[in-house]
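The report below works through one model, element by element. Please look over the sequence and the fold before reading on.

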Amino acid sequence: MISLRKITLENRREVFRLEVAEDQRRFVASNLSSVASCYVLATNGGSPLPFAIYADEQIVGFVMIVYGITGYELPKIANNNYCILRLMIGERYQNQEYGREAMKKILEFIRTFPVGHAQYCWLAYEAENIVAKKFYESFGFHDNGEICENEPVTVLNL
C-alpha cells in the first residue's frame with residue numbers, strides 16, 4: 001500500500017539517503033537539495049508540498065509538488081497550477097510498480113486542490129529521458145510545446 005507522508009524529524013535522514021540508480025542521477029536532484037529548495041520556496045512566497053513515499057511502512061521514494069511559483073524559470077502553464085517538480089523512487093525499490101502507484105496517489109492528492117484550485121498539473125523532464133516521457137504519457141500527460149530550462153513541458157488536465 002502506497003502512501004504520501006510528511007517528512008518529519010524521524011524520517012528525514014532515510015529520505016535523504018534514498019538515491020536513484022547511477023545512470024539516472026543526471027535526471028533528478030538529491031532529496032536533500034529538494035527539501036532545502038522547499039524551505040527556500042516556502043520562505044519566499046511559494047507553496048511546496050514535499051512528501052516521503054511509503055510502501056506500507058518502508059520509505060521508497062520522494063515527491064515535491066509545488067503550486068504556482070517553483071523557484072525556476074516558469075512556463076506559461078505554471079500560474080495557478082500544480083507542478084510535480086521532483087519525483088523519485090529509490091534504486092532498490094524500482095521496477096516494483098511503486099512509481100506507478102505513487103503517481104496515482106500524487107494525482108489523487110493534487111486533485112484535492114490542497115493549496116488552491118487548478119486546471120492543470122505540469123512537469124518538465126529531460127528530453128532524453130524516454131522512460132519518464134512514456135511513464136507520464138501513461139497517466140494522460142502530453143507535451144504542450146513549451147520548453148522550460150531546456151526541458152519539454154508536459155501537462156495533465158485535472
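How many residues has helix α3, and how far does it reach from its first C-alpha to its last? Helix α3, residues 98-110, has 13 residues and reaches 18 Å between those atoms, close to the 18 Å expected at 1.5 Å a residue.

## Basis of the description

This is a predicted model, in which local features need pLDDT of at least 70 and side-chain atom pairs count only at pLDDT 80 or more, while totals for chains, interfaces and linings use all residues. Residues are numbered from 1 along each chain as its sequence is written, and side-chain values use heavy atoms, with hydrogens and water left out.

Helices (H or I, at least four residues) and strands (E, at least two) are DSSP runs, numbered from the N terminus. The expected span of a helix is 1.5 Å times one less than its number of residues.

## The sheet

Seven strands form an open sheet with mixed pairing, in the order β1-β2-β3-β4-β5-β7-β6, where two strands pair if DSSP finds at least two bridges between them. The edges are taken by β1 (2-5) and β6 (142-148), each with a single partner strand, so one side of each is left without a neighbour in the sheet. On average, neighbouring strands are turned by 30° against each other, direction ignored; the axes behind such angles are lines fitted to C-alpha atoms, for helices over the stretch in contact, and angles run from 0 to 180 degrees between N-to-C directions.

Strands β3 and β4 run antiparallel and are joined by seven bridges, with G61 standing opposite I89 in β4. The pairing of β4 with β5 is parallel and rests on two bridges, and here Y82 has C121 of β5 as its bridge partner. Seven of the eight residues of β4 are buried, so this strand is largely enclosed by the rest of the structure; buried means under 20% relative accessible area, exposed over 50%, and partly exposed in between (1.4 Å probe, protein chains only).

The 12 residues of α2 should span 16 Å at 1.5 Å a residue, and its end C-alpha atoms are 16 Å apart, which agrees. Its buried residues are N31, S34, S37, C38 and L41. Seen down the axis of α2, these residues fall within an arc of 110°, so they line one face of the helix, the arc being that of the directions from the helix axis to the C-beta atoms. An α-helix has 3.6 residues a turn, so residues three or four places apart point the same way. The cover over the buried residues of α2 includes α1 (12-17), β2, β3 and β4.

Helix α3 lies across β1, β2, β3, β4, β5 (120-124) and β7, running at about 155° to β4. The buried residues of α3 are G99, A102, M103, I106, L107 and I110. They cover an arc of only 135° around the axis, which puts them on the same side of α3.

## Individual buried residues

Within helix α2, S34 is buried, with a relative accessible area of 1%. Leaving aside its neighbours within four places in sequence, S34 is in contact with A29, F62, M64 and R86.

In strand β7, T154 is buried, with a relative accessible area of 2%. Its contacts, neighbours within four places in sequence again left aside, include C121, W122, Y136 and D143.

## Cysteines

The structure holds zero disulfides, a disulfide being a pair of cysteine sulfur atoms within 2.5 Å. C38 is in none, and the nearest cysteine sulfur, that of C83, is 11 Å away; C38 is buried, with a relative accessible area of 6%.

## Loop residues with positive phi

Most residues other than glycine have a negative phi, and most peptide bonds are trans. N80, in the loop between β3 and β4, has a positive phi near 60° and is partly exposed, with a relative accessible area of 43%. N95, in the loop between β4 and α3, has a positive phi of about 65° and is exposed, with a relative accessible area of 83%.

Terms used
Contact means heavy atoms within 4.5 Å.
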